[in-house]
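Here is a short briefing on one protein model. Look over the structure first, then read the points below.

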Amino acid sequence: MQVANTAAIVTGGASGLGAATAAALVANGAHVFAFDLPAAIEAAPVVEGVVYVAVDVIDPREVQDAVDTAAGSGVPLRAVVNCAGIGPSMRILGKKGPHDLAVYAKVIQVNLVGTFNVLALAAEKLAATEPLKDGQRGVVVNTASIAAHDGQVGQAAYSSSKGGVVGLTLPAARDLAQYGIRVNTISPGLMETPMLATVSDELRARLAAGVPFPKRLGRPDEYAKLALAIIEQDYLNGETIRMDGALRMAAR
């Protein structure tokens, strides 16, 4: 499926993986609607062809209104890339006591429920578009993490949320197959994103050294290229792809 002259939604589109994906889609001729929180949008770069929309992905009304905007842009909505997410860490039992349930619930809400919320509401609009060759109407790319497979100490909430995204992939693809909508997931490894921007250069070097090959952190533009490849590869469906340099995370 080609993205030129179509509309695309990217959540978390104001920074990191989402911003790189939005830029890549625009470079390939798409009209991009980048969903993100107001504070993130204020700090986002101005990219011609990207329309920033203030959206909290766990708010059904805000998501519905934003999806309606994207679907009513005058070109068919064909692609959705879910990048919005948070990643606080906390041990199940730490020095201050048990894991804060509110923190756990918040991570699940944003990373898993938010992904599902956008997927479900956008799918209704994708299903209403004119079918292309083989009856295809659109594609959704979700973002998990290698933490879904190799969760580390302190990642109970994050791993749970991303594991849920992985588990969602196949049933979502099967549910939406009748409408010509594909669903795939990317599980990134250690990436150059705002989540890692606050760590020291020494720690970043140690993290990069642990990657089998290439021995560096992944780049957001590499994620964006993979998202585009998934969108364009019509026979790829119901799949989760690890993008991690063959890294398998240790316990800590």
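What percentage of the 252 residues in the protein do buried residues make up? The answer is 47%. Keep in mind that this is a predicted model.

**Overall build**
- The protein has nine strands and seven helices.
- A compact globule with 252 residues would have a radius of gyration near 18 Å, and the protein agrees because its own value is 18 Å.
- Along the principal axes, the C-alpha atoms fill a box of roughly 55 × 35 × 35 Å.
- Take the contacts between residues at least 6 apart in sequence: 71% of them join residues at least 24 apart.

**The largest pocket**
- General idea: rolling a probe the size of a water molecule over the atoms shows where empty space is left.
- The largest pocket has a volume of about 1400 Å³.
- Its lining counts 49 residues. Nearest the centre of this pocket lie Ile86, Gly87, Tyr158, Thr193 and Met195.
- H1 provides the largest share, three residues.
- Sorted by class, the lining of the largest pocket has 27 nonpolar, 15 polar and seven charged residues.

**The second largest pocket**
- The second largest pocket has a volume of about 220 Å³.
- Residues that line the second largest pocket include Lys133, Asp134, Gly135 and Gln136. Ala177, Gly180, Ile181 and Arg182 are also among them. Asp234, Tyr235 and Asn237 belong to the lining too.
- By class, this lining divides into four charged, four polar and three nonpolar residues.

**A look at Thr143**
- Where is Thr143 found? Thr143 sits in strand S7, which covers residues 138-143.
- Is Thr143 buried or exposed? Its relative accessible area is 6%, and buried means under 20%, so Thr143 is buried.
- The side chain of Thr143 reaches the backbone oxygen of Asn82 at 2.6 Å.
- The side chains of Thr143 and Tyr223 are joined by a polar contact of 2.5 Å.
- Leaving aside residues up to four places away in sequence, Thr143 touches Leu17, Asn82, Cys83, Lys162, Val165, Thr185, Ile186, Pro188 and Tyr223.

Note on methods
Residues numbered from 1 in each chain as written. Predicted model: local features only at pLDDT ≥ 70, side-chain atom pairs only at ≥ 80, totals over all residues. Heavy atoms only, no water. 1 Å grid on protein atoms, 1.4 Å probe; cavity = no way out; pocket = protein on both sides within 12 Å on 5 of 7 lines; lining within 4 Å. Points joined across faces, edges and corners; volume = space filled by probe spheres on them. Helix = DSSP H or I, 4+ residues; strand = E, 2+ residues; numbered from the N terminus. Nonpolar A, V, L, I, M, F, W, Y, C, P; charged D, E, K, R; others polar. Buried < 20%, exposed > 50% of the residue type's maximum accessible area, 1.4 Å probe, protein only. Polar contact = N/O pair within 3.5 Å; in protein donor to acceptor, adjacent residues only side chain to side chain. Contact = heavy atoms within 4.5 Å. Rg over C-alpha atoms; globule rule 2.2 N^0.38 Å.
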